[in-house]
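Hello,

Here is the structure I promised to pass on. Please open it first, then read my notes beside it.

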Amino acid sequence: MKEHDFRPKPLLTKREKEVFELLVQDKTTKEIAAELFISEKTVRNHISNTMQKLGVKGRSQAVIELIRLGELKI
């Protein structure tokens with residue numbers, strides 16, 4: 001394996017990224033669930049899992065950290 005072939009594992013899953021992209025568009029949990037065809041509980045789980053990965057205590061802190069890490073654009 002060549003050095004340039006190595007790609008670090010993304011921090012977020014595809015779905016977690018989709019949830020946070022909608023969250024920064026000021027969408028509610030209910031709106032995100034409807035748009036992604038998942039339950040509100042699943043949306044909350046994705047948000048909670050992401051907050052755990054980042055070691056933050058709230059959605060807004062998670063958004064700030066994801067932007068800082070280059071995982072999310074606004």
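Predicted model: local features only at pLDDT ≥ 70, side-chain atom pairs only at ≥ 80, totals over all residues.

**Salt bridges**

Glutamate 65 and arginine 68 lie 3 residues apart in helix H4, so about one helical turn separates them. Their side chains meet in a salt bridge, at 2.5 Å from N to O. Arginine 68 is exposed, because its relative accessible area is 60%, over the 50% cut-off.

Side chains of opposite charge can pair when their charged atoms come close.

Look next at glutamate 35 and lysine 27. Their side chains also form a salt bridge, at 3.5 Å from N to O. Glutamate 35 has a relative accessible area of 42%, so it is partly exposed. Lysine 27 stands at 27% and is partly exposed too.

**Lysine 53 and its surroundings**

Which residue meets the side chain of lysine 53 in a salt bridge? It is glutamate 16, at 2.6 Å from N to O. This pair links distant parts of the chain. Lysine 53 sits in helix H3, glutamate 16 sits in helix H1, and they are 37 residues apart. The two side chains also count as making a polar contact, at 2.6 Å.

Are the two partners buried or exposed? Glutamate 16 is buried, because its relative accessible area is 3%, under the 20% cut-off. Lysine 53 is partly exposed, because its value of 40% falls between the cut-offs of 20% and 50%.

Helix H3 covers residues 40-54. Setting aside residues up to four places away in sequence, lysine 53 touches Leu11, Leu12, Thr13 and Glu16. Take leucine 12 from that list. Lysine 53 and leucine 12 are 41 residues apart in sequence. In space, their C-alpha atoms are 8.6 Å apart.

**Helix H2**

Now turn to helix H2, residues 29-36. Its buried residues include Thr29, Ile32, Ala33 and Leu36. Where do they fall when you look down the axis of H2? They stay within an arc of 100°, so they line one face of the helix. Lys30 and Ala34 are exposed on the other side of H2.

What do the buried residues of H2 pack against? They pack against helix H1 (14-23), H3 and helix H4 (59-68).

Check the residue that follows H2 as well. This is phenylalanine 37, and its phi is positive, near 60°.

**The nonpolar core**

The largest nonpolar core has 17 residues. Which of them touch the most other members? They are Val19, Phe20, Ile32, Val43, Ile47, Ala62 and Leu66. H1, H2, H3 and H4 each supply at least two residues of this core. Ile32 is also one of the buried residues of H2.

Alanine 62 is then in contact with Phe20, Met51, Leu54 and Val56.

**Where to start**

Begin with the pair of lysine 53 and glutamate 16, which ties helix H3 to helix H1. Then follow the buried face of H2. Finish in the core, to which H1, H2, H3 and H4 each contribute at least two residues.

Best wishes

Conventions. Residues numbered from 1 in each chain as written. Heavy atoms only, no water. Helix = DSSP H or I, 4+ residues; strand = E, 2+ residues; numbered from the N terminus. Contact = heavy atoms within 4.5 Å. Polar contact = N/O pair within 3.5 Å; in protein donor to acceptor, adjacent residues only side chain to side chain. Buried < 20%, exposed > 50% of the residue type's maximum accessible area, 1.4 Å probe, protein only. Arc of directions from axis to C-beta. Core = buried A, V, L, I, M, F, W, Y, C linked by side-chain atoms within 4.5 Å. Salt bridge = Lys/Arg side-chain N within 4 Å of Asp/Glu carboxyl O.
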